[in-house]
Each structure stands twice: as C-alpha cells, then as structure tokens.
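Subject: Structure handover

Hi,

Here is the structure I promised to pass on. Please open it alongside this note; my findings follow below.

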Amino acid sequence: YVDQAAGAAAATGNGELVMGVCGSFLCVELMRQGHSPMEAIMAVLARVRNSYTLLAAHQVALIAMSPDGAWASGSLRPGFSHCISDETDTRTEPAQRVLLG
C-alpha cells in the first residue's frame, strides 16, 4: 500500500493474517500519525499476534518506507530476509526486528 504523503508498506507471509488486520494499510496509517517505519511495523505485528491464535508455521513480515526515505523491516518470527540495493551493492539481510524471536 502506498500513500505519497504518508509512506509505503509491503507485507508477505500468511495472507489471511495480513489481510485480517489490513497490515500494509495499517502500517502506512501509523506512519501518517507520526510513527517511524519500525514503530509502525512492530505495531502491525503486535496486532497480528493479538488478533489470532498463531501456529508455529505462521509468518508475517513487512517492509515500510516513510516519504523522507527512512525504512525498516520486521517479521513475526525469524526466517524472513529482504534485499537492499544502494550505491555500493545489493545484499540480502535478515529482518531488522523480530517480534517472536
């Protein structure tokens, strides 16, 4: 979900968990309210945790970016990784924060 005034967020994992809390939309709305990308991601993940009886196989992960270019990644459980490209290279990194690690 993207709103040029508030930011962007992408989610992956168990889609029914993400859709049940409108994860990407919620993340962007939290950034609109002044939360950093990481704060917004962790709030969405907490909402997922508090809204469902999670199984060990359930995974949700988000990447978010604010209009000023600040970004973050987080996941419900370990195992999510993402790619980052900058002026020097492209690399794969684990989620910056894990809620249920």
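Two strands count as paired if DSSP finds at least two bridges between them. Keep that cut-off in mind for the sheet. Note also that this is a predicted model.

**Sheet**

Two bridges join β1 to strand β2, residues 7-13. That meets the threshold of at least two, so β1 and β2 pair. The two strands run antiparallel. Look at V2 for one of the links: its bridge partner in β2 is A8.

As background, strands of a sheet pair through backbone hydrogen bonds, either parallel or antiparallel.

**T88**

This residue is found in the loop between β5 (81-85) and β6 (90-94). Is T88 buried or exposed? T88 has 62% relative accessibility, so the residue counts as exposed; the cut-off for that class is over 50%.

The side chain of T88 makes a polar contact with the side chain of D86, at 2.7 Å. Another polar contact, of 3.3 Å, joins the side chains of T88 and D89. For a distance check, take L76: T88 and L76 are twelve residues apart in sequence and 30 Å apart in space, C-alpha to C-alpha.

**Whole chain**

The protein chain holds three helices and seven strands. Along the sequence the pattern reads β-β-α-α-α-β-β-β-β-β.

For overall dimensions, the C-alpha trace spans about 40 × 30 × 20 Å along its principal axes. The radius of gyration is 13 Å. A compact globule of 101 residues would have a value near 13 Å, so the two agree.

Of the 101 residues, 41% are buried. Among contacts with a separation of 6 or more, 45% come from residues 24 or more positions apart. The chain exposes about 5500 Å², and carbon and sulfur atoms supply 54% of that area.

Best regards

Definitions and conventions: Residues numbered from 1 in each chain as written. Predicted model: local features only at pLDDT ≥ 70, side-chain atom pairs only at ≥ 80, totals over all residues. Heavy atoms only, no water. Helix = DSSP H or I, 4+ residues; strand = E, 2+ residues; numbered from the N terminus. Buried < 20%, exposed > 50% of the residue type's maximum accessible area, 1.4 Å probe, protein only. Polar contact = N/O pair within 3.5 Å; in protein donor to acceptor, adjacent residues only side chain to side chain. Rg over C-alpha atoms; globule rule 2.2 N^0.38 Å. Contact = heavy atoms within 4.5 Å. Areas by Shrake-Rupley, 256 points an atom, 1.4 Å probe, with all protein chains shown as cover.
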